[in-house]
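Visitor: I would like to go through the backbone of this model with you. Could we start with how its elements are assigned?

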Amino acid sequence: MSGLRIVHLAEVPEHVPALARAHVAAFGALLPDWSVAEAEAELRTHLREAASAATWVALEGEQWLGSVSLLDNDHAEITQYSPWLASLYVCPGRRGSGLGARLVAHCVAAAARRQVPALYLYCEPARVPYYLGLGWQRHAELPLGPLQVVVMRIATAPAAAA
């Protein structure tokens with residue numbers, strides 16, 4: 001993946017419409033009433049680097065290959081956990097290349113820089129092994145919309161030595 005770089009969405013706002021379409025296509029089952037217009041409006045709130053929510057985009061040249069977000073809240077029904085790694089998306093042609101793991105690591109490191117002690121995500125049960133392999137732990141299982149999801153958790157910094 002030489003030439004790959006991960007940048008804040010503020011550096012490449014021209015990709016917001018394509019990201020919004022990809023996110024709704026990929027995650028719409030979890031949010032059946034979510035529209036492309038809403039996804040685009042939400043992503044536009046991430047354009048300020050000082051915003052509490054952030055999105056990073058993986059680029060090769062000017063081509064976007066994937067994205068990941070850090071959000072205070074990812075769903076109105078599960079606000080008891082925060083903050084969230086959300087909307088991990090890798091373009092179909094790049095899946096299996098390790099790009100998703102790089103995006104996840106980038107988001108976890110960003111949360112650590114913000115002094116967030118732990119980060120959460122939710123996924124369908126079939127995705128759990130992927131995140132377990134990246135060091136995440138099962139935290140809870142719950143219904144969310146029409147699906148059963150697993151909430152996972154990771155500490156953003158290594159535990160202090162005792």
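Guide: Strands here are DSSP runs of E with at least two residues, numbered from the N terminus. The model is a predicted one. By that assignment, Ser87 belongs to strand β4, which spans residues 84–90.

Visitor: What is the phi of Ser87?

Guide: Phi of Ser87 is near 55°, which is a positive value in a residue other than glycine. Most residues other than glycine have a negative phi.

Visitor: Is Ser87 buried or exposed?

Guide: Ser87 has a relative accessible area of 19% and is therefore buried, since the cut-off for buried is under 20%.

Visitor: Where is Gln115 found?

Guide: Gln115 lies in the loop between α3 (99–113) and β5 (118–123). Its phi is positive as well, at about 60°, although Gln115 is not a glycine.

Visitor: And is Gln115 buried or exposed?

Guide: Gln115 counts as exposed because its relative accessibility is 71%, and exposed means over 50%.

Visitor: Turning to the pairing, in which sense do β5 and β7 pair?

Guide: β5 pairs with strand β7 (residues 147–155) in the antiparallel sense, over six bridges. Ala118 stands opposite Ala155 in β7.

Visitor: Over how many bridges do β6 and β7 pair?

Guide: Strand β6, residues 137–144, and β7 are joined over seven bridges, in the antiparallel sense. Arg138 has Met152 in β7 as its bridge partner.

Visitor: How many residues sit between the strands in the hairpin of β6 and β7?

Guide: That hairpin has two residues between its strands, and Gly145 takes a positive phi near 60° there.

Methods. Residues numbered from 1 in each chain as written. Predicted model: local features only at pLDDT ≥ 70, side-chain atom pairs only at ≥ 80, totals over all residues. Heavy atoms only, no water. Helix = DSSP H or I, 4+ residues; strand = E, 2+ residues; numbered from the N terminus. Buried < 20%, exposed > 50% of the residue type's maximum accessible area, 1.4 Å probe, protein only. Pairing = 2+ DSSP bridges.
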